Structures are given as C-alpha cells and as structure tokens.
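Here is a short report on one protein chain. Look at the overall fold, then at a single residue.

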Amino acid sequence: MERVSIKEGKTPIILVAPHGYNKDDESTATLAENIANILGCYAVINRGWERADDVDIFQDKADCNNVEHCHEDVVKEEFLDPIIRFKNRIQRTHDIVYLYMIHGMANRHRILANDSKMDLVIGYGAGSPDSFTCDIWRKNALVYLLEEAGLVTYEGKRGGAMSGWARQNMNQLFRKWYPDSNVQSFQIEVIHELRSDDDILQLTAEEMASALSDLMEKTRFNGNGNNKKY
C-alpha cells in the first residue's frame, strides 16, 4: 500500500489528512478522500506514516502534521511537496487557495466541552500572539456554513490544542514557513462518532463538502464572529 495518496483536482481546494494512518484519527483518510471525490478537488492523504516523535523512514514513522518532520528526506517528497505543488498549480488560475487539514478527535472531547452535540472544532491560528491562517471573515463564514449543513461547530480557543497555532503545525505552513496570504488554511477536528461507520462517514463527507463548496462560492459573507470556543 502506498504511504501517501495524492489526488488531482479541478477546484481551488486542497484536502490534507496528516494522520490518516493513525488510530486516533481513524477514517480521516477515507473522509478526506470522500470529500475530495464530491468536490473534485485536490487531496494529499497519509496512509502509511505512523505518528512518532522522530522520523524513521525505514520503519514508516513520521508525524505528517509536524512541518519539521515534513522537511525530512522522503517525507518531504511524498507528503509536503505535493501540497506545495498543488498550491502553485491552483494559483495559476485562482487568487485564493483553500487548504483544509482534516483531523480526528475522540468522543470524550464532547464531555470536556460540556456539549454532547459538538461535531467539529475549527483551528485557525488563534494564540498569543495570534497567527491567523485565514481571513477572520472566512472563518466566520465556514463556521456558519458548517452549522447550516447540520454540524455543530466550535472554534479552537486561543492557545488551545486545537487552535492550529503552533509553528510546527501544518496549519501554519503558509504563514510561518512559506508565507502566502492568499492561502486560506483551516484545521478541522472531526468527532469520532461522525466517522464511526461507512454510512455515517459518507453523510459527514457530504455535509462538510456542502459547506466547503459554499465557502468557495459565497465569498461575500461576513459573520459576526460570536462562535463557540473549545
């Protein structure tokens, strides 16, 4: 089995599943693939790199959500280079590139958030100081559209584990490493329940794809930002 799957696309969206091979992120590879098939967009999906503290290419170990790991030989060629190549290709014909990092979170996070209905958490670089990976109005629009699609959506709180703020986090790839303000990057954490079997996963893919497509098309939306934090 190939360690990384890449999918060509026709829309200015790139889906990335950094931990698609790992148990905690079970089925995020399939989720990203299904969304990409619905949208006809680009995708880079980890299917064989096992998350680890250190890179070992002979044991298939690397954290593909860690930009430093992604600059190591082999990991770079297989995982990072396609993301950058797709970004450059999209920008030949589009001003804005939408980049989505698809992750999984355990159902217990609903208990921690005191909300049994929480489905998603959006990370966009809120921290100290902020390192926003997208325009705030686009983040507000995404949260609104995901909620409209039936997904209870929180924001990653400032400095939290799901904020997508850390320098090494792949969500910061086009802010801290290859600065490009025309790349709108989001980290999306998906609760386990929404990917627990094939039917539920496909429904989740359809709901998420609807929101991502609408965001691409409805660029004039500007929300008020009064969203739930987790």
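Buried means under 20% relative accessible area, exposed means over 50%, and partly exposed lies in between (1.4 Å probe, protein chains only). Leu-145 is buried, with a relative accessible area of 9%. This is a predicted model: local features need pLDDT of at least 70, side-chain atom pairs count only at pLDDT 80 or more, and totals for chains, interfaces and linings use all residues. Residues are numbered from 1 along each chain as its sequence is written, and side-chain values use heavy atoms, without hydrogens and water.

Leu-145 sits in helix α5, residues 136–148. Helices (H or I, at least four residues) and strands (E, at least two) are DSSP runs, numbered from the N terminus. Leaving out residues up to four places away in sequence, Leu-145 touches Ala-211, Asp-214 and Leu-215. Contact means heavy atoms within 4.5 Å. Glu-207 is 62 residues from Leu-145 in sequence, yet their C-alpha atoms are 9.6 Å apart in space.

Now the whole chain. The chain has 7 helices and 7 strands. Their order along the sequence is β-β-α-β-α-α-β-α-β-α-β-α-β-α.

| Property of the chain | Value |
|---|---|
| Span of the C-alpha trace along its principal axes | about 45 × 40 × 35 Å |
| Share of the 230 residues that are buried | 55% |
| Share of contacts with a separation of 6 or more that join residues 24 or more positions apart | 77% |

How does the radius of gyration compare with that of a compact globule? For 230 residues, such a globule would have a value near 17 Å; the chain has 16 Å, which agrees. The radius is taken over C-alpha atoms, and the globule rule is 2.2 Å times the number of residues to the power 0.38.
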